[in-house]
Amino acid sequence: MRLILHIWRQKNGSSPGRMVRYEMDDANEDMSMLECLDVLNEHLILKGEEPVTFEHDCREGICGSCGFMINGLAHGPSRATTVCQLTLRNFKDGDILYLEPWRAKAFPVLKDLMVDRTAFDRIIAAGGYISADTGGAPDGNAILIGKDAADSSMDAAACIGCGACVAACPNAAAALFTGAKVSHLGLLPQGQPERDRRALRMVAQVGEERFGSCTNIGECEAVCPKEIKLDVIARLNRDFRSASLTSR
Amino acid sequence: MKLDSKIPSGPIDQKWDRAKFDMKLVNPANKRKYNVIIVGSGLAGGSAAASLGELGYNVKCFCFQDSPRRAHSIAAQGGINAAKNYQNDGDSIYRLFYDTVKGGDFRAREANVYRLAQNSVRIIDQCVAQGVPFAREYGGLLSNRSFGGAQVSRTFYARGQTGQQLLLGCYQALERQIDAGTVKMFPRTEMLDLIVIDGRARGIITRNLVTGQIETHMADAVVLATGGYGNVFFLSTNAKGSNATAIWRAYKRGAAFGNPCFTQIHPTCIPVSGDYQSKLTLMSESLRNDGRIWVPKKAGDTRTPNQIPEEERDYFLERKYPSFGNLVPRDVASRNAKSVCDEGRGVGPGGLGVYLDFAAAIGRLSEAVIKERYGNLFDMYQRITDENPYKVPMRIYPAIHYTMGGLWVDYQLMSTVPGLFVLGEANFSDHGANRLGASALMQGLSDGYFVIPYTVGDYLANSKLDKVEVDHTEARACLEGVAGLTKRLLSIQGKRTVDSLHRQLGKIMWDNCGMSRTGAGLDKALSQVRGLREEFWQNVTVPGSSDDINQSLEKAGRLADFLELGELMCIDANQRKESCGGHFREEYQTPEGEAQRDDENFSYVAAWEYQGPNQPPQLHKEPLEFEYVHPSQRSYK
């Protein structure tokens with residue numbers, strides 16, 4: 001199969017970038033999008049050109065490393081799928097694809113399709129945890145957690161931190177990401193003692209990282225490869241408001 | 001080099017307690033004066049960094065990914081074992097210990113394995129406290145399943161994403177320490193050499209993968225938790241970035257390499273579909289709990305699976321191993337899949353595949369139950385293969401998954417270089433010649449949460465360490481060496497890409513040092529690997545520069561090390577003239593085709609010492625003694 005790829009090329013954060021057109025004549029519908037870029041890169045290297053830089057690691061859709069826009073959609077057209085598992089079956093022979101990095105002030109471009117997402121780590125460091133030093137934990141069954149609560153918590157905990165939610169959001173908000181962590185921990189009894197502090201500190205950090213505000217558009221939910229639901233944002237808002245009223 | 005495993009005396013169930021009591025402690029106020037470097041941020045490295053930070057040490061943690069949350073521990077699907085006996089089905093610490101020693105085909109150290117089984121219990125408690133959302137029963141108790149050849153239900157899980165949830169728990173604990181200032185994190189940074197001063201590990205040389213800056217970091221102890229080396233085979237279930245560079249460079253600085261040929265082939269992966277393929281995708285072993293593995297009885301049968309009547313199918317694992325059936329350990333399942341494919345009975349394109357069929361389970365339990373158990377795995381399978389596994393059987397084939405070998409460590413997890421500790425998959429210690437399912441997560445967390453916090457302290461309290469600066473002669477020499485290597489890789493400007501050479505290495509290794517091995521094949525592989533290494537250094541092309549993000553350069557450096565490690569794996573496989581666990585030498589098998597161990601001559605850990613470039617490495621043997629679990633022929637019939 002043949003594809004025309006327009007790919008964003010940018011040497012580093014301080015140089016301007018541009019779209020460059022490539023023709024892929026030896027694409028194959030069983031390939032993943034990333035394997036298609038691998039093959040393109042092999043061609044480029046042998047021609048003496050610089051290969052396209054893109055982030056990837058596990059290629060099983062779980063590490064959250066990969067991700068870019070394909071024709072304006074984060075991770076491309078297939079629901080609940082990261083680009084590493086997006087096979088070219090999703091496209092037709094002769095399709096023209098535009099590949100661009102995540103666009104957000106908080107995610108500066110490092111090179112080509114690779115961006116800096118360390119802002120997410122700092123949001124987690126601000127309170128996305130339960131303080132439990134190694135060693136002092138009670139028996140695992142000492143805390144009873146109903147199946148429904150455990151399942152809902154797991155739904156939110158499935159977030160892979162890829163950043164698609166931010167990239168898809170017209171405001172570049174990090175509400176789905178932050179809400180997922182607040183919900184994962186807040187739905188569990190272990191997460192209660194720090195619930196207020198967590199919401200306050202994480203939301204403050206989101207602001208410092210210059211993510212936008214959430215206006216409940218829902219693009220994030222639509223592109224999330226792990227199908228995290230908008231409910232987590234409602235939870236985030238509730239925890240934040242309640243903590244703002246009661247905490248000093 | 002003298003190998004001293006430092007196994008404490010006394011009965012096996014008291015060794016660890018005694019060792020802990022005998023350890024020297026570091027005064028709380030002095031801990032912050034010690035600098036500890038941790039390379040790797042997966043379950044072993046991340047948990048070590050968080051725990052040492054909590055204790056008050058001054059920790060620097062390095063990972064090549066953009067965030068510690070991406071380490072490949074995240075991809076583990078099935079679960080984590082613990083001897084809780086919550087199911088009242090006869091489990092105990094002793095039984096987990098027994099199963100692991102036996103499953104490892106009697107090539108692991110008893111004392112280490114016992115400690116692992118002891119620690120397993122506390123790991124679950126720790127993870128629950130951190131908020132890991134393990135599966136629960138309606139009443140709120142933790143749920144368990146049986147997994148990978150165990151006859152008790154001791155596996156804890158979080159859907160098919162157990163590794164992810166355990167890693168996030170550990171990552172969050174790590175981020176908390178980063179926020180507290182006890183741990184400084186260096187993401188997108190790769191370790192390229194180990195600095196050894198006066199015989200002790202005192203620091204590392206790193207390359208910043210964004211700026212290309214080569215930097216020196218000094219410390220009082222260095223901990224490597226950099227995972228396994230399965231990517232020697234190019235195609236494996238490992239992440240693309242997983243590499244052996246840190247442990248290999250440490251090997252070249254004097255750390256012995258233990259049992260390099262012990263690699264694990266996982267039986268349930270999606271088969272290879274084309275020569276562009278970049279990795280193999282694992283389908284969790286838990287699928288074998290409900291799926292039945294079969295091939296047609298007739299060779300060359302091209303009918304679709306649903307057209308093949310029941311009596312013309314060969315459920316070969318159920319037939320050969322009636323008591324374990326489809327749940328035999330990984331090495332046995334993999335080898336049997338290979339042998340039916342070798343007979344021409346393999347299915348799918350190229351005949352390299354066997355069916356994993358859920359029709360019976362769906363009939364017995366309903367599609368809804370199967371969906372609840374394995375929904376995400378079925379979806380993933382369908383995305384990749386475009387086939388619906390609820391309707392047609394999955395096709396699976398074995399793939400390289402885990403490496404039991406790694407840097408040799410003593411009971412304290414210290415390598416033969418004092419001050420260099422090695423944790424998790426990067427060390428050789430606990431799994432012998434074959435790892436049981438759901439034991440990798442257990443080992444990573446046991447090492448990081450519950451072993452290294454004690455043993456690093458003991459080392460620091462017992463050592464008189466002079467202050468060393470980054471401009472020390474040794475450190476400067478290492479830095480120049482790394483810079484020179486980088487320059488050399490960029491200057492070759494040959495005609496072959498890194499990936500094409502890597503694929504070729506992988507094929508040599510898979511054909512000759514993979515699922516089954518022969519002396520003749522290994523001899524051939526040795527000369528091929530050496531030839532390929534020569535070609536690499538003359539004909540590789542690495543575009544771009546060294547002062548920028550350069551993924552080709554990163555890959556080239558890693559491949560240079562794989563090309564040396566591949567040779568060592570073949571040398572090790574060649575000297576081990578027996579079959580055990582994942583190491584199957586065709587010359588040494590029972591009449592029924594099972595692995596034939598030779599305890600009289602090979603009951604030892606092979607620890608290899610580097611002797612310089614292009615010199616044969618020297619073999620040291622650590623004899624293995626089995627006081628509690630007496631070596632027997634493993635039988636799963």
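1. Helix H6 (residues 195–208) of chain A packs against helix H8 (residues 231–246) of chain A, in a predicted model. Their axes lie 8 Å apart, at an angle of about 105°. Axes here are lines fitted to C-alpha atoms, for helices over the stretch in contact, and angles run from 0 to 180 degrees between N-to-C directions. H6(A) and H8(A) are therefore roughly perpendicular to each other (65 to 115 degrees; under 35 is roughly parallel, over 145 roughly antiparallel, and the rest oblique). Helices (H or I, at least four residues) and strands (E, at least two) are DSSP runs, numbered from the N terminus.

2. Which residues of H6(A) and H8(A) meet? H6(A) brings A:Arg195, A:Asp196, A:Ala199, A:Leu200 and A:Val203. H8(A) brings A:Leu236, A:Asp239, A:Phe240, A:Ala243, A:Ser244 and A:Thr246. Contact requires C-beta atoms, placed from the backbone, within 7 Å. By class, this contact has six nonpolar, two polar and three charged residues. Ala, Val, Leu, Ile, Met, Phe, Trp, Tyr, Cys and Pro count as nonpolar, Asp, Glu, Lys and Arg as charged, and the others, Gly among them, as polar.

3. Now a second pair. Helix H3 (residues 147–157) and helix H5 (residues 175–186) of chain A have axes that come within 8 Å and cross at roughly 155°. H3(A) and H5(A) are therefore roughly antiparallel to each other. A:Ser153, A:Ala156 and A:Ala157 of H3(A) make the contact with A:Ala180, A:Ser183 and A:His184 of H5(A). That contact has three nonpolar, three polar and no charged residues.

4. Next, chain A as a whole. Chain A has eight helices and seven strands. Its C-alpha atoms fill a box of roughly 60 × 35 × 35 Å, taken along the principal axes. Of its 248 residues, 54% count as buried (20 or more other C-beta atoms within 10 Å of the residue's own; 12 or fewer is exposed, in between partly exposed; C-beta atoms placed from the backbone). Among contacts in chain A with a separation of 6 or more, 71% join residues 24 or more positions apart.

5. How many residues of chain B are in contact with chain A? 65 residues of chain B touch 66 residues of chain A. H6(B) gives the most to the chain B side, with nine residues. By class, that side has 25 nonpolar, 23 polar and 17 charged residues.

6. A note on conventions. Residues are numbered from 1 along each chain as its sequence is written, and chains are lettered from A and ligands numbered from 1 in the order in which they are written. In this predicted model, local features need pLDDT of at least 70 and side-chain atom pairs count only at pLDDT 80 or more, while totals for chains, interfaces and linings use all residues.

Key: Contact = placed C-beta atoms within 7 Å.
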